[in-house]
Amino acid sequence: MKNIKLYAVLASLLMLTSACNETLNVDPTSVITTTNFWRTENDANGALTGMYVELRNLSQSLHQLGEHRSEVMTPGLFGEGVFILHRNEMNADTPGHPDWSGFYRVINTANLILKFVPDITFASEARKNSMLAQAYTMRAFAYFTMTKTWGDLIIRTEPIEGFGAEVTLRERESRSQVFQLIKQDLDQALQLYPNNSFTVGRSVWSKAATNALKGDVNLWTAKLLGGGNADLNTALAALTEVDLADVGLLENFSDVFKFDNKPNREILMSIRHQDLEPGNYLWFMWIISAAAPNNIDQETREKIFPTGGGQGLMVMSEGVRSQFLENDLRKDATYFDIETINSTGEKSYLTNIQQKFKGTIIGGNRVFLSDPILYRYADILLMKAEAKNALGQDPTVEMNLIRQRAYRENFGSHTFVSGSQEENNKAILKERLLELVLEGKRWWDLVRFGKAFELVPALQNRPGQNHLLLFPIDNTVLSQEPLVVQNPGY
Amino acid sequence: MKKNVHYPNFWKKIILLLCWILIGQVGFSQTSNVITGTVSDDSGESIPGVNVLVKGTSVGTITDIDGSYTLNIPQGGTTLVFSFIGYRSREEVVGTRSRIDIKLEAALSDMEEVVVIGFGEQSREVLTTSISKVDAKALQSIPFPNAASALQGTVSGVRVQSTSGQPGAAPRVIVRGGTSINNPNGAAPLYIIDGVIRPDMNDLSADDIENMQVLKDAAATSIYGARASNGVVIITTKSGKAGQTRVSYRYDLTQSEPGKLYEMANAREYLTAYRLGHIRPAKFPDETVRLTLPNGFGTGNDLTNNTAFTTQFLTPQNQYKLDEGWESMPDPVNPSRTLIFQDNDIQSLIYQTGISQNHHISVQGGTDKATFNAGLGYLSNEGTVVTTQYDRLTFNLNGDIQVKDNLRVFGRVLYTYNTTNTTGQSTAVTFYRSAGLAPTSKIFFEDGTLAPGTSSSIGNPLYFLNNRVAESSGEKSTYTVGAKWDILPGLSFDPQISMYNINNNSYNFQPGFLNGPLNFVDTRVANASTYQWRQRQADLVLSYGKTFGGSHNLDAKLGFAYFDRNINTMSATGRGASTDLIPTLNASSEPTSVSSSITDQVILGYFGRVNYDFEQKYLFSLNMRYDGASNLGAANKWGFFPGISAGWNLHREEFWQNALPENLLRMKIRASYGENGNIGGLGDFSAQGAYGVGARYAGLPAIQNTVIPNPDLQWEQSRTVNLGTDLSLFDNRLNFIVDVYRRVTDNLITSLPLPQSTGFASVLTNLGSLENRGFEVELSAQVLPSRSRIQWNLGFNASKVKNKILRLPTNGIENNRVGGVLIWNTAAKDYVWSGGLQEGGRLGEMFSRQQVGIYSTDEEAANAPLDTYIVSSNRTKYGGDTNWLDADGNGSIDSRDQVYMGQEFPVWTGGISNNISYKNFNLYMRMDYTTGHTIFNWAKMFIDTNLFGDNNMTGDKYENSWKEQGDLAEYSRFYWGGERVQRNNFNGTVNSGNTVFFESGDFLCVRELTLSYSIPAKVVSMLRVSAIRLNFTGNNLHYFTAYKGLNPEEGGRDDGRYALPRNYNFGVNVTF
């Protein structure tokens, strides 16, 4: 009797404890795992959007790399420091600019799309091709920005799916190999775009924007990597092809930047920032509330308030502001001088705030949600002018299209007249400054035109130190990428 | 598609089994002897509630109010064990007797206490593993909002850090240094409360706790296998006892004072420093225009609501303010003009005196057939920071009934409900940014409305703390049903099934606010969120106990455990309410984000134990567990965790007894080895990789690859060797428990940082290995002989733990180092990568530039080595700048000149307790100490060096900083904004700065001082109650420490800390 009970208990226990491995197989409810992704077109759409989320994370970095080392910036009222780039004082300990992880995140998302999307069935082949084209363009854009910054690069064309040494430990490859990949990707992309239309509010890559990038890339290789006339012609052809899309100059310069006017016809590619999505663009060029003066006129008050998260770390330098002529309509749309009024009613200059990327006001608070512009039509015209001039052709048409809008009724006294190639270069570079300042282009322009040591005050006493044209690699990157060596000179 | 974890087949089976046990019982009975008797103490008084147990079985009973008992002894039962807290256990061989009356001797020794081990109890006499028990005194007088605080300094081997004075906040509890490389402060132990596994012990009323102990070595914890490598805290709550029905009531009234404040500079000092701080050497840009702006020190302010500060030049129009308490001083920049201003103590606006109350009533009682306990508690705890509050309601109900001679069934409900109010701001804003608001700020505008200060992140505390809602409420409930069925003599079956639920709700609301005087923000963001944790657990245990041949004692267990846990969260945020009156989402005009998630985990385990001893002389114990978890990689779901231990009671040997007088020296030596697992750092599905959702671009939903899969993820495995001895001298008047151990944790779930070019920051791997070595001692002494009228018990404990990284994932770098700094090493005469994580290194090391002194004059500074930290091409240094140590002597100050500052984790922790009783008076003092941790006083550096919004500095900085040529100063000169250029302290990162802000955190805290008085029995009986105890208690009375911040308990970076309040408590305990 006793034994029966004992056995019964033991038998029940065994019954209970059987089939346990099955019990341990728990499926996720709220996360997607690697094993169940990349099956449908919807998966691909989500991943494509994810690629642009990563691009948006780079907005600030793109501005820093493209603008901060130039002559544009000067410290604001909030104090000094954090201006390593502005002073061109970068070193491996404090490079003062972002490392390349964000760029490689973008590249990895593109690589995932390029690997998996071809095997997914889409309702429309055109949609699939457009997706692949965008991924190729994105990869080219990321490598282009990176190679302008650091020179030689680790080239990754496969997504990261494991973490063995063969994946993680890579050496840098030469700049020319990087450019070979960039150009190859751009050509692939241009073949794949089904048409010349824009989608998602001109905030994703399109055929026109890819042509713009191609023009930009070839101008660079023509001037800095010995690409010569061949590359200049490629650039000019690509830039000319942009016209096939629905693009053109807006009549009013300031309309290009109006918050309520995005997207507009002048834009080829911008990075979308909007309410309820993360992002905060050029907040550091607005005045901080703690430094906002009280003795100002009503117009000024309306311009600067609310200050939102403004920090006033950097403002536009005197050297650049003074180059804007009084009747240049671009001036007021680019920056605003804050003046205080003393007890006798005299006004004196205090500081300035930028006006291109003012963001908008939500709930009484300024939010810096303007879209960084990667390419717009004025930039295309000026790149065309630059290519033509380099080829010995006349850049007058493009230059005057820009100036007509800038000076409108006063255009007569500001008409561009073609001079020597050198004079034209000088004029084009200055026009690019007046037109595109704060849009993350200036440092690249200075490098491409070979004028960095001439025009940047912090570099004027360092001619010949050409290693400064590249950025240093952060020591923390070097410590985690053992096969990567520091750029010479740093 | 998806398999349902919510009602698996498993549960049906369990319920069927229980039915079977209950029904199957009917009609069975056993042959047995009946024994009766009484238990009394030395003086012949009967003792109710004594445990009477048939040795080697789980058959037992409890003596009733008259101290008598009746017990059926199953066949084969030969010996009875009588045990009761505070008395020496006694064993009696039954023989042929049917009546056994015994006397129990009072015992004061720790050596004879009974400790709870996993799934059972054991007398310390035969214990072979390392287990510490919390002194019941520590739980007696303080109405703890979080009972884990009672562990601080009371048990060895456990580091408890009270990191926040927020009411109800849990202290950090780390057993033996923890086993994590990535998150050493997150290595929380496993909590088992009445057999129910919990992630913490929050919201438990200290009044409901019967006892609390910590299982430390792996041999002890291996019965909990998979999750036990960070130690196990076992808590038993109060339950009914056979015998007299008791009703007791406790009341506490507590007054809390702010623990510690910064000593800030006053308005005059602030104005002097800031105005002169703008007169800087020519290399700095001229920013004197700021002296005229409407800021804390600028003269652009007026009496309107448009400016946030009072500072202005004296004019006939504002002169009347001087009669209203404003002050004046000559402008330090231009003494011919007079500044007027208000001097406010901003910091005082953050704090209040908190008043707290605690009520607890309990009813206990029962017979030998059934027992019952009901406890009801209410605590209302006001914090010392304005608006911080914690309220808690607790229920503890349990009953136990003897269904049949060999079957008892019990049920338990433990329920708590709490509400917590926080400031809704970061600790940085609350504790030092706000404190740093300029003292010249307007607290009120002229029209009597509150002024906002600079902005929300450096605002008027009175305005912001009261203009924000951050409330959360939480319910925790445990339901347990279990049985104890004696199947056969010596063999019993103990099933226990429980459910543990957590329901948390919280809501936050930011009413419209002035972000600075001119910017009214009316976004009115509101948020609500819910969090549900549903946990089910079943433990089925077969126990077998028998004594063979009179001297071989065997006790064995075999069990099966099932655990599942489901977390379900939801949160929503909205904005755009038109009113401040409704803080909930229904007022929001626009939803801004919604989110919910569901996630599950299942763990299964088989476990067993064999305890054997020969005449209590040679002791042996084997524990083991085989566990499987759903969140591990497919190939590695199961792990095996054994623990083995042995002990030798030398004093039971004949040679010992012959050589030494009886009870002069009792000694046990013991050794153990065990393996534990841990998967604490692993998400439910991380092994499978993850694509994250929730991000959007241009309104479109995005999916991003966020985690690289690693199907090979497996259990962390720690191996511990523990050697210990239990010693008692002079008839147990002096007791020692000493342990040394070495624990090596392999296969640590460690994040392997990936090169930046992969686009991923890290991947979880099992490639780490960490060693912890430690030493622990607990000493208790009965200082005066037991016949003395004054009794004095002294307790002391000390623990030391040191960690070392043995192995890290291979990454091609020397020592597989991750992070760290390349610095000059004097011994090696070369640059060596130090700190970070590297093989052979320690966790939490900090490095910084070393301040040798402050240059007294410009001439002296002119000879300074080139300082590459200076952010300017002009690297001139001046008098008042920091003289840095040029460690490598190369004439240039750079990152390689950093030196070792100390490390984050305490090395020694421990406590001292004294309990002195005389007649009806009792004095109890408890202190604890922690040493070896270094704190980077970031908060002080932040405010002292003007890193934020024209903030005020400490008086220490004002007094002791360089002011003019020739000064020999402790701190560098105060330049306005100059810190960002000259880098005299701050180096541009948050990890390091200047040595003067790296401080030792060593402290000794007078944690508790209690004087209690028990009203004499004669008086009490006239009041028709059985006992009244009164106590006056001081809690967190004083820290002996050199640390200049608010709370020295935690190493690492101090980013604003809520100091522990100093509590004065009056308590009364009445028993009816």
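How far apart are the mean positions of the positive and negative charges of chain B? In this predicted model, the 91 positive and 100 negative charges of chain B have mean positions 5 Å apart.

**Figure 1. Chain B as a whole, with its 11 helices and 58 strands.** The radius of gyration is 33 Å, close to the 31 Å that the globule rule gives for 1072 residues, so chain B is as compact as a globular protein of that length. Along the principal axes, its C-alpha atoms fill a box of roughly 105 × 75 × 70 Å.

**Figure 2. Interior and surface of chain B.** Here 59% of the 1072 residues count as buried. The accessible surface comes to about 39800 Å², and carbon and sulfur atoms hold 57% of that area. Look at the contacts too: among those between residues at least 6 apart in sequence, 69% join residues at least 24 apart.

**Figure 3. B:H360 in strand β21 of chain B.** This strand spans residues 354-366. B:H360 has a relative accessibility of 5%, so it counts as buried, the cut-off being under 20%.

**Figure 4. The surroundings of B:H360.** Setting aside neighbours within four places in sequence, we find B:H360 in contact with B:S205, B:D207, B:D208, B:S248, B:Y249, B:R250, B:G375, B:L376 and B:G377. With one of these, B:D208, the side chain of B:H360 makes a polar contact of 3.0 Å.

**Figure 5. B:H360 and B:N1036 in one view.** Along the sequence, 676 residues separate this pair. In space, B:H360 and B:N1036 are 23 Å apart, C-alpha to C-alpha.

Terms used:
Residues numbered from 1 in each chain as written. Chains lettered and ligands numbered in written order. Predicted model: local features only at pLDDT ≥ 70, side-chain atom pairs only at ≥ 80, totals over all residues. Heavy atoms only, no water. Helix = DSSP H or I, 4+ residues; strand = E, 2+ residues; numbered from the N terminus. Buried < 20%, exposed > 50% of the residue type's maximum accessible area, 1.4 Å probe, protein only. Contact = heavy atoms within 4.5 Å. Polar contact = N/O pair within 3.5 Å; in protein donor to acceptor, adjacent residues only side chain to side chain. Rg over C-alpha atoms; globule rule 2.2 N^0.38 Å. Areas by Shrake-Rupley, 256 points an atom, 1.4 Å probe, with all protein chains shown as cover. Lys, Arg positive; Asp, Glu negative; His and termini not counted. Charge placed at Lys NZ, Arg CZ, Asp CG, Glu CD.
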